[in-house]
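Visitor: I am new to this structure. Please show me how to read its features.

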Amino acid sequence: MNQIHHDEGTGNAPMKLEVAAVSDIGHRRGNNEDCFGYDLGLGLFIVCDGMGGMAGGEVASSLAVEQAIEVYESLSSSNLPVEERLHTAIEAANETVWHEASKTPALRGMGTTLVAACFNDQRIVIGNVGDSRGYFLRGNACTQITEDHSVAAERTRDAHSLSAEQIPAAVAQYITRAIGAESHVQPDYYTAEIRSGDAILLATDGLTRYVDEAQISDTVQAFDSAEEACRALLAIAHSGGAVDNVTCMVILIH
């Protein structure tokens, strides 16, 4: 697992943002294929969950985070809307992972999920590919902003398809979209107005399989700092078994 972060950048984040992130190998995995990165000055925050086995997953997630931040920063002085900057950054991450997997036999088939949040004035834009999630917290409420790109989630959203309980466990969590899986990627994007007191959680499925929205809200509200909230969320995953790598990032808006 790699961590990429900068406290200053060339962009202007709204209000004051407090961020903390934690990534943990869990109880059953031999390595950590998750990666997170952020740049407070740019107002950009990213969490990825690599796949492709051992080195492949680690390479994919770290490449995606590095490339997305680099490209987003390179566009910071442009007049592009923040949505277009984020889209260009995610497309660049996809191209980089795809190209690396194509030219290196040992990395063939690697990919990664990605969830990214960027702040612009009083707005937040969240983009996602795969099943790493973004949550929006305000007051006592917590809402999952993103939709999972997995077999189970997409069939459940289809009113004429199988219910989650009817989908075989072996295929339920297959990812239907991933960074680096194909030469082009189709992220989803969401926007929201923000204000002081709000919070954002970005997390891999190593955490979200153990917590619901009420638990997330209660946990984040119970602590004064983003760091304490991250550690408490990680503890919940550990108490549930932590069968996968666990990564979460909490952003408090002051």
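**Salt bridges and a buried helix residue**

Guide: Start with Asp205, which is buried at a relative accessible area of 13%. Buried means under 20%, exposed over 50%, and partly exposed in between (1.4 Å probe, protein chains only). This is a predicted model: local features need pLDDT of at least 70, side-chain atom pairs pLDDT 80 or more, while totals for chains, interfaces and linings use all residues. Residues are numbered from 1 along each chain as its sequence is written, and side-chain values use heavy atoms, without hydrogens and water.

Visitor: Which residue does the side chain of Asp205 meet in a salt bridge?

Guide: Side chains of opposite charge can pair when their charged atoms come close. A salt bridge puts a side-chain nitrogen of Lys or Arg within 4 Å of a carboxyl oxygen of Asp or Glu. Asp205 pairs with Arg209, at 3.3 Å from N to O. Arg209 is partly exposed, at 45%.

Visitor: Which salt bridge does Asp244 form with Arg29, and at what distance?

Guide: Their closest N and O atoms are 3.4 Å apart. The two residues lie 215 apart in the chain. Asp244 is buried at 6%, whereas Arg29 is partly exposed at 37%. Asp244 also bridges to Arg209, at 3.7 Å. Arg29, Glu33, Asp205, Arg209 and Asp244 form a linked network of salt bridges.

Visitor: Is Leu233 buried or exposed?

Guide: Leu233 is buried, with a relative accessible area of 0%. Leu233 sits in helix H7, residues 226-240. Helices (H or I, at least four residues) are DSSP runs, numbered from the N terminus. Beyond neighbours within four places in sequence, Leu233 contacts residues including Leu201, Ile216 and Val250. Contact means heavy atoms within 4.5 Å.
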